[in-house]
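Trainee: I have a model open and want to go through it piece by piece. Can we start?
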Amino acid sequence: MKTIWWYINLSWTGDSETTFNLLEKNTTDTILQLVERPGIGYNVEMYRELMKQYKGYDDSSRDLFRRVLKVNTARLLTTSPELIDGGIPQYVDDLFKAVKK
């Protein structure tokens, strides 16, 4: 139950209907990749932006999602998303661009 709570919390868009629409096509793999990722905690605002942007990609294999989260885990050791020019939305966009090459 706590995993589902964190998954919804990290994907929350402000209301239940919009959040449901954001998450409806995800799988249990998406949930586990997001919630069970090792690290030093959750940057909730960054994860919400990541989920928002991820909805715009066709990724039935969930490979893109895994790669983005791996790059994010590595970058967070030296980068604060809030300090990137363009803020968190640009940071997340850069993650997707880095793994789409």
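Trainee: Which helix holds phenylalanine 96?

Mentor: This is a predicted model, where local features need pLDDT of at least 70, side-chain atom pairs count only at pLDDT 80 or more, and totals for chains, interfaces and linings use all residues. Residues are numbered from 1 along each chain as its sequence is written, and side-chain values use heavy atoms, with hydrogens and water left out. Helices are DSSP runs of H or I, at least four residues, numbered from the N terminus. Phenylalanine 96 falls in the run of residues 87-100, helix α6.

Trainee: Is phenylalanine 96 buried or exposed, and at what relative accessible area?

Mentor: Buried means under 20% relative accessible area, exposed over 50%, partly exposed in between (1.4 Å probe, protein chains only). Leaving out residues up to four places away in sequence, phenylalanine 96 touches Leu50, Gln53, Tyr54, Tyr57, Leu64 and Val68; contact means heavy atoms within 4.5 Å. Phenylalanine 96 is buried, and its relative accessible area is 0%.

Trainee: What is the phi of arginine 62 near?

Mentor: Arginine 62 sits in the loop between α4 (44-54) and α5 (63-75). Arginine 62 is buried, with a relative accessible area of 10%. Its phi is positive, in a residue other than glycine, and lies near 70 degrees.

Trainee: How are α1 and α3 oriented to each other?

Mentor: Axes are lines fitted to C-alpha atoms, for helices over the stretch in contact, and angles run from 0 to 180 degrees between N-to-C directions. Helix α1 (residues 2-11) packs on helix α3 (residues 28-35) at about 80 degrees, with the axes 10 Å apart. The range from 65 to 115 degrees counts as roughly perpendicular. So α1 and α3 are roughly perpendicular.

Trainee: Which residues of α3 do the α1 residues meet?

Mentor: The α1 side consists of Thr3, Ile4, Trp6, Tyr7, Leu10 and Ser11. Their partners in α3 are Ile31, Leu34 and Val35.

Trainee: What geometry does the pair of tyrosine 42 and tyrosine 47 have?

Mentor: Rings of Phe, Tyr and Trp (its six-membered ring) pair if their centres lie within 6.5 Å, and planes over 60 degrees apart count as edge-to-face. The whole structure has five aromatic pairs. For tyrosine 42 and tyrosine 47, the centres are 5.9 Å apart and the planes at 80 degrees, so the pair is edge-to-face.

Trainee: Which residues form one aromatic cluster?

Mentor: Tyrosine 42 is partly exposed at 30% relative accessible area, whereas tyrosine 47 is buried at 4%. Tryptophan 6 is partly exposed at 29%. The cluster is made up of Trp5, Trp6, Tyr42 and Tyr47.

Key
Helices (H or I, at least four residues) and strands (E, at least two) are DSSP runs, numbered from the N terminus. Angles under 35 degrees count as roughly parallel, over 145 as roughly antiparallel, 65 to 115 as roughly perpendicular and the rest as oblique. Rings of Phe, Tyr and Trp (its six-membered ring) pair if their centres lie within 6.5 Å; planes under 30 degrees apart count as stacked, over 60 as edge-to-face and the rest as tilted.
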